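Subject: Structure for your reading

Dear colleague,

Please find the structure below, together with its sequence.

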Protein chains: 2
Amino acid sequence: MADATSRPGVAAHEVLAAVLQVRARSLRAMLWQRAREPHAGRWSLPGGRLGDHEDVEASIRRQLAEKVDVRQLAHVEQLAVFSAPDRVPGPPRVVATAFLGLVPCDIDPEVPEDTRWFAVDDLPETAFDHGAIVLRARNRLRAKLSYTNLGFALAPKEFTISALRELYSAALGYRVSATNLQRVLSRRGLLEATGRTAPPGPSGGRPAALFRFTGHGMRVTDPFAVLRPPRG
Amino acid sequence: MADATSRPGVAAHEVLAAVLQVRARSLRAMLWQRAREPHAGRWSLPGGRLGDHEDVEASIRRQLAEKVDVRQLAHVEQLAVFSAPDRVPGPPRVVATAFLGLVPCDIDPEVPEDTRWFAVDDLPETAFDHGAIVLRARNRLRAKLSYTNLGFALAPKEFTISALRELYSAALGYRVSATNLQRVLSRRGLLEATGRTAPPGPSGGRPAALFRFTGHGMRVTDPFAVLRPPRG
DNA sequence: ACAAAAGTGTTCCCTCTACACCCATGC
DNA sequence: GCATGGGTGTAGAGGGAACACTTTTGT
């Protein structure tokens with residue numbers, strides 16, 4: 001056991017990403033199936049070892065580029081460090097920095113043969129602690145949909161309000177009212193009408209107006225519910 | 001450069017904590033002065049190398065025990081990973097998991113000779129990226145004071161509303177109204193009257209009632225401002 | 001009586017929800 | 001005309017901010 005990593009304070013460092021996307025009315029995560037032991041056959045998150053000359057965010061973006069075109073990643077943010085000593089059989093011991101990644105619902109990335117999308121609420125048997133990481137990612141997304149403009153990262157460039165409603169409902173896990181969704185996002189200045197409309201379906205109905213998000217970086221739109229600073 | 005840590009994906013891992021406390025109407029962070037190069041003389045965060053048989057949270061609690069009695073730490077939570085390749089001169093390369101730690105304002109921990117408290121808004125020259133970590137900690141605290149019960153971690157066991165007001169004002173950086181603070185926290189069921197009162201000051205005034213927080217783990221009290229699930 | 005500090009009552013405002021109603025299209 | 005889906009108007013509830021007012025003490 002004279003492995004270099006057995007020296008105190010030294011560990012292998014990996015980066016992992018729970019990449020989420022809404023498809024077919026459900027929130028899905030990208031997983032690939034391990035070919036080798038340990039945990040052969042189980043499904044795991046994309047990622048890999050941290051490179052010597054990159055920070056963790058650059059690393060996860062680089063490694064995801066092998067699975068998904070980086071331009072398709074609308075948002076990436078750190079989730080947490082997972083560091084239980086036995087989370088991965090060693091040596092070396094492996095510490096992971098986990099990320100949340102979001103992909104708009106209108107793009108269908110070409111993924112490798114061993115990679116598939118699974119509904120977050122119906123995950124297969126996952127490797128190591130990857131199932132817990134996906135749940136953390138889901139919870140973070142749900143929270144931020146409410147007080148930031150993060151919806152832009154799940155939506156296509158242009159969309160109807162009902163399409164956006166489907167999106168939010170799938171991500172949040174409960175029915176969202178189209179009426180109030182439009183009003184809340186409009187009041188916050190996040191939505192912008194394109195002026196164009198989408199054709200109605202075969203059974204008729206008024207054609208839906210197309211909207212887009214006004215900005216594409218994450219912004220906090222509802223900074224504090226209470227204890228606001230005094231006006232003046 | 002045949003250092004073991006130069007192998008791809010292997011790095012030294014340290015844990016650091018921005019330990020915050022309100023003292024004398026300002027939010028302060030605990031720093032110690034480096035004796036050795038690099039950055040000798042600069043002020044840095046407590047922490048150290050991750051041990052082989054502990055996760056990052058156990059590690060930071062263990063290492064803080066050398067500076068502060070662990071029982072005095074009312075709250076500890078992960079902030080983020082700091083991993084710029086050159087954040088600390090190497091080799092070995094050092095990746096840090098940063099924490100936020102909170103100490104109630106009524107205890108005055110015995111700290112080592114090289115350790116002092118500094119106002120967060122007036123930090124001395126800090127080592128490495130530790131200044132940025134303290135700012136992240138301050139921002140996290142400010143956000144969570146608004147939508148969680150995290151005030152309990154800054155407050156003494158029992159307190160008057162005006163004392164609590166001072167606390168929140170110092171932590172948030174702006175004047176908070178005692179009237180509304182009491183109402184908000186009471187409505188959320190976070191405050192509990194002890195039935196006892198504090199004696200008035202030398203210039204008179206009505207004696208203040210003493211309160212305590214009803215719980216001591218962090219709870220989210222204002223989960224989402226908008227897009228709530230439908231009732232029913 | 002007066003000043004000082006604590007606590008309460010009241011009003012206003014803003015935001016989100018719910019639901020009824022109107023609009024534009026296909027058949 | 002009528003069904004279908006899109007969009008708006010409006011009333012209601014809730015929570016927080018602001019501020020006046022009352023309560024309780026010391027001098």
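Which feature does UniProt place at residues 11–141 of chain A? The record, an unreviewed entry, gives "domain: Nudix hydrolase" for this stretch. Please keep in mind throughout that this is a predicted model.

**Chain A as a whole**

Chain A contains nine strands and four helices. Followed along the sequence, these elements come in the order β-β-β-β-α-β-β-β-α-α-α-β-β. Along the principal axes, the C-alpha atoms of the chain fill a box of roughly 70 × 55 × 30 Å.

The domain assignment divides chain A into domain 1, residues 10–143, and domain 2, residues 148–213. To the contact between them, domain 1 of chain A brings 14 residues and domain 2 of chain A brings 13 residues. The centres of the two domains, taken over C-alpha atoms, are separated by 28 Å.

About 1,200 Å² is buried between domain 1 and domain 2 of chain A, and carbon and sulfur atoms give 68% of this area.

Glu166(A) and Arg25(A) form a salt bridge in which the closest N and O atoms are 3.3 Å apart. In general, side chains of opposite charge can pair when their charged atoms come close. The interface of the two domains also has four residue pairs in polar contact.

On the side of domain 1 of chain A that touches domain 2, at least two residues come from each of strand E1 (10–23), strand E2 (26–33) and helix H2 (130–147). The residues of that side divide into nine nonpolar, three charged and two polar.

**Salt bridges in the model**

Over all chains, the count comes to 30 salt bridges. One of them joins the side chains of Arg23(A) and Asp108(A), at 3.3 Å from N to O. Arg23(A) lies in strand E1 of chain A, whereas Asp108(A) lies in the loop between strand E6 (94–102) and strand E7 (115–119), so the pair ties together parts that are 85 residues apart in sequence.

**Backbone details in a loop**

As background, most residues other than glycine have a negative phi, and most peptide bonds are trans. Where in chain A does Pro38(A) lie? Pro38(A) is in the loop between E2 and strand E3 (43–44) of chain A. The peptide bond that joins Glu37(A) and Pro38(A) is cis, with an omega of about -5°. His39(A) is likewise found in the loop between E2 and E3 of chain A. Although His39(A) is not a glycine, it has a positive phi of about 65°.

Chain B also has a cis peptide bond, between Glu37(B) and Pro38(B), with omega at about 0°. Pro38(B) lies in the loop between strand E2 (26–33) and strand E3 (43–44) of chain B.

With kind regards

Definitions and conventions: Residues are numbered from 1 along each chain as its sequence is written. Chains are lettered from A and ligands numbered from 1 in the order in which they are written. This is a predicted model: local features need pLDDT of at least 70, side-chain atom pairs count only at pLDDT 80 or more; totals for chains, interfaces and linings use all residues. Side-chain values use heavy atoms; hydrogens and water are left out. Domain bounds come from an automatic or database domain assignment. Contact means heavy atoms within 4.5 Å. Buried area is the accessible area (1.4 Å probe) that two parts lose on being put together, summed over both. A salt bridge is a side-chain nitrogen of Lys or Arg within 4 Å of a carboxyl oxygen of Asp or Glu. A polar contact is a pair of N or O atoms within 3.5 Å; within protein, one must be able to donate a hydrogen and the other to accept it, and residues adjacent in sequence count only if both atoms are side-chain atoms. Ala, Val, Leu, Ile, Met, Phe, Trp, Tyr, Cys and Pro count as nonpolar, Asp, Glu, Lys and Arg as charged, and the others, Gly among them, as polar. UniProt positions are given in the numbering used here, feature names are shortened, and annotations may be inferred rather than shown by experiment.
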